[in-house]
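Subject: Handing over the structure

Hello,

Here is the structure I promised to pass on to you. Please have it open while you read, and I will walk you through what turned up.

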Amino acid sequence: MSFNLNTYLNKTTDAAPLAVFRIGFGVMMCYGIIRYWLKGWIETVYIQPEFHFKYYGFEWVKTLGDYTYLLFLICGLSAFFVAIGYKYRLAIITFFISFTYIELMEKTTYLNHYYFISILSFLMIFLPANAYFSVDNYTSKVSFKNIPKWCIDAIKLLLGIVYFYAGLAKINSDWLLKAQPLKIWLRSKYDLPIIGETIMQQDWFHYAMSWSGMLYDLLIPFFLLYKRTRLAAFIMVIFFHVFTRVLFPIGMFPFVMIVSALIFFDAPFHHKIINTIKSCFGFISAKAQTITYQSVYPVRNRKLVLPILGLFFVLQLLIPFRYMLYPGELFWTEEGYRLSWRVMLMEKMGNTTFKIVDQKGQSFLINNSDFLTPLQEKQMSFQPDFILEYAHYLGDHFTKQGYKNVQVYAKSYVALNGRLSQLFIDESVNLYQEKESFKHKHWILPFKDEIKGL
Amino acid sequence: MKKLVYVFAIMLFIVACSKSDDTGGGNTNPDNYNRTAMQTNLADNIIIPRLQNLKFGLETLVDVGNTFTALPNQANLDNLRAIYVSTYKDWQLVEPFNIGQAEVMQYSFKMNVYPTNTADIEANIANGTYDLSAVGNNDAVGFPALDYMLHGVAATDIDILNKYADANYKTYLTDLIAQMNSLTQTVLTDWTTNYRSVFINSTSNTVSSAVNKFINDYIFYFEKALRANKFGIPGGVFSTTPLADKAEAIYNGTISRDLAIIALDNVQNIFNGKATSTSPVGEGFNKYLIELDRQDLATLINNRIDAARQKIQILDADLKTQVETDNTKMTEAYDALQLVVVSFKVDMLQAFNVSVDYVDADGD
């Protein structure tokens, strides 16, 4: 029964699931980039705004103007190369860097699933996803039937962390005891056919959805791992994600999760998929006969790769708990909220206005729409790090205009999960003097209620 | 660890309870709020009657204007001014409804952009040729232009009357009123023949549905046209010094506070689904909030509007004068209105969870 790490690391498994995963990932990312482009979001999110919110420590990331299209082109092409497995290592590194760079350019559009894609593509750099059924096999004339088992387990583990932590985050009194924010969201779906004016309005349904959502997230990784429950679990995965897709504007995320979950299935299933693909592209596989099949893919630089991945997963397990280092209610301060799989967890809105005061005591309020896009203003209004960054931008702007000793004050009201809005930021604090850091922001006023839970 | 055990104990307890609830039908208050009823009440008891009132007022204004231009004397001027005031008040009740044809035609931009551009008006009059429907003339038409034409073209009434010896002044005045009248006719006709049925039936929760657009327009009106234009901008809230001349109806000089109170009353009446301040509460945002178990918010909004009204009632009848004499009271009124904005934009929008019309992006 004892677990021997070395024995485990030397275990091998069929390469097909990882190959299918690579194809699915590449195709979806390529489609996601095209979709983003066609919706015109490159223009509205990255090019039009004159000011961009940046992640702490990544202020150096510059926006590229019209070259942003080039960046998306590179990102989309690299995703395509990942899918076909052509120069895979270079393609996945390029994808990781370009995709992550895109996300770092503008904090306003932060989504957990973009972060998921970033770290997943980072993980995939170290996995031999082109060992089997790839163009690389064709060019190198070598293909591998088996790969180390940990290569597939790593992806399962990451998916498991995403689900399980999303479930942990739901163990709080608002979610479970008040059915918030689902109560607000579901009731507003009154216009859905049949269910809209009926069960979407029922109290019991809001609770049922909250509880089953929490249980689903916590348990689904285990049901997917266990062979006898796997198929049922996968059907639940499809149902759950399609249902949330109907209810909420969550873009690609449900499909990414559904396709990713395929990796839990055994190799014969993936061979069927590969055979289907082969029969669609029969003319290619006819030529591919010159490939010699070798049994096990030898991982190069194992001594380097394994510690990197070990550290990667330790960080993944710890980062979501960093909020414990901060005082105050996490949902209120959002200190340690991001990068933690807190998905669709709260309904939060704010209204934040800024006052500029100068040396002479002159003061005036800012019309936020003069500086921010509607999306930026919406996100800025209830997130302290946005408020601080914007206050500094305003301070710099008016200092440049010739105002002396500029001070910036914020008056902010925020409402969380259907509670009445309350003052959010200490109005007497000159935010232009406050510096961004990982320390607690003392100028966030305390939350007047309590949310119990993890 | 203790916390964890505690939480799991609660979980089990709830699971046990909610199981029995399923069969017992322990649900309360389903959102069967009848949005069509709300929209119908708005259209039939508030929007269309207000437009009809305004149309009636403008027709009178046309007649009285013709009388004046035929014979520009003090009596006819006084009469015209009186009708201008009453029609301007009627307008305050219509301005929030920037939806349907009004939105297409940019109705409110052609009716009430102030401060009016007197140089443009004088240039138009001097040239004798102009296209009043041109965007560039939005600040040379409507009630603010009329305000200038009736009170501001000269310092004294005698001098004003003398101006109207000039046929170009007469024509401009007539054209101004005619345009306001015809625009209103177009908007009203569209409501009665076409848009009413769109308005009351488009109740889905989508970006383009009438119910959502109306909620957004209503809040936007309150924030921009009422809070900022009537109080914030003249009170210097957005500038280093007060800008008294940017107040409403500055040439008349006696009605801007009342216009603001009428506008605020109107906002409150729409919120409460009331045709007038003395009508009973009807289908509207207030009832909708109560239906969503947000009586607390419904009450708070009414209280905050009442508080803002009290801050406005103590102001000078002319807000320009108020800014020039004691601007603090003006900014206090602004602050009270801002609290209402917060309740609308943050709390009410959260409660309704309407699809907002300006944000296009994925969530997660």
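One term first: two residues are in contact if their C-beta atoms, placed from the backbone, lie within 7 Å. Please also keep in mind that this is a predicted model.

Leaving aside its neighbours within four places in sequence, B:Met180 is in contact with B:Leu58, B:Met111 and B:Gly142. Is B:Met180 buried or exposed? A residue counts as buried if 20 or more other C-beta atoms lie within 10 Å of its own; B:Met180 has 27 within that distance, so it is buried. Along the chain, B:Met180 and B:Glu59 are 121 residues apart, yet a separation of 9.8 Å is found between their C-alpha atoms.

Staying with chain B, you will find it divided into domain 1 (33-202) and domain 2 (204-353). Their C-alpha centres lie 22 Å apart, and 27 residues of domain 1 of chain B are in contact with 30 residues of domain 2 of chain B. On the domain 1 side of this contact, α2 (35-70), α3 (74-92), α7 (142-152) and α9 (167-201) of chain B each supply at least two residues. The largest share, eight residues, comes from α2(B). Sorted by class, that side of domain 1 has 15 nonpolar, eight polar and four charged residues.

Now over to chain A and its sheet. This is an open sheet of four strands in the order β5-β4-β6-β7, with antiparallel pairing. The edge strands are β5 (363-365) and β7 of chain A, each of which pairs on one side only. Going across the sheet, the pairings are these:

- β4(A) and β5(A) run antiparallel and are joined by three bridges, with A:Lys355 opposite A:Leu365 in β5(A).
- β4 (residues 348-357) of chain A and β6(A) pair in the antiparallel sense over ten bridges; here A:Gly350 stands opposite A:Val414 in β6(A).
- β6(A) and β7 (residues 422-423) of chain A are antiparallel too, over two bridges, and A:Tyr413 has A:Leu423 in β7(A) as its bridge partner.

β6(A) and β7(A) form a hairpin with five residues between them, and A:Asn417 in the turn has a positive phi of about 50°.

Two helices pack on this sheet, each touching β4 and β6 of chain A. One of them, α19 (residues 384-400) of chain A, has a direction that makes about 150° with that of β6(A). The other comes from chain B: α15 (residues 327-352), whose direction makes about 155° with that of β4(A). As for β6 (residues 407-416) of chain A, eight of its ten residues are buried, so this strand is largely enclosed by the rest of the structure.

Finally, have a look at a helix pair in chain A. Helix α4 (residues 68-84) and helix α5 (residues 88-105) of chain A pack at an angle of about 145°, with their axes 8 Å apart. The crossing of α4(A) and α5(A) is left-handed. Among the residues that make the contact are A:Leu71, A:Ile74 and A:Phe81 of α4(A), and A:Tyr88, A:Phe95 and A:Ile102 of α5(A). The residues of this contact divide into 13 nonpolar, three polar and no charged.

Enjoy exploring it!

Best wishes

Notes:
Residues are numbered from 1 along each chain as its sequence is written. Chains are lettered from A and ligands numbered from 1 in the order in which they are written. This is a predicted model: local features need pLDDT of at least 70, side-chain atom pairs count only at pLDDT 80 or more; totals for chains, interfaces and linings use all residues. A residue is buried if 20 or more other C-beta atoms lie within 10 Å of its own, exposed if 12 or fewer, and partly exposed in between; C-beta atoms are placed from the backbone. Two strands pair if DSSP finds at least two bridges between them. Domain bounds come from an automatic or database domain assignment. Ala, Val, Leu, Ile, Met, Phe, Trp, Tyr, Cys and Pro count as nonpolar, Asp, Glu, Lys and Arg as charged, and the others, Gly among them, as polar. Axes are lines fitted to C-alpha atoms, for helices over the stretch in contact, and angles run from 0 to 180 degrees between N-to-C directions. A crossing is left-handed if the near helix is turned anticlockwise from the far one by less than a right angle, and right-handed if clockwise.
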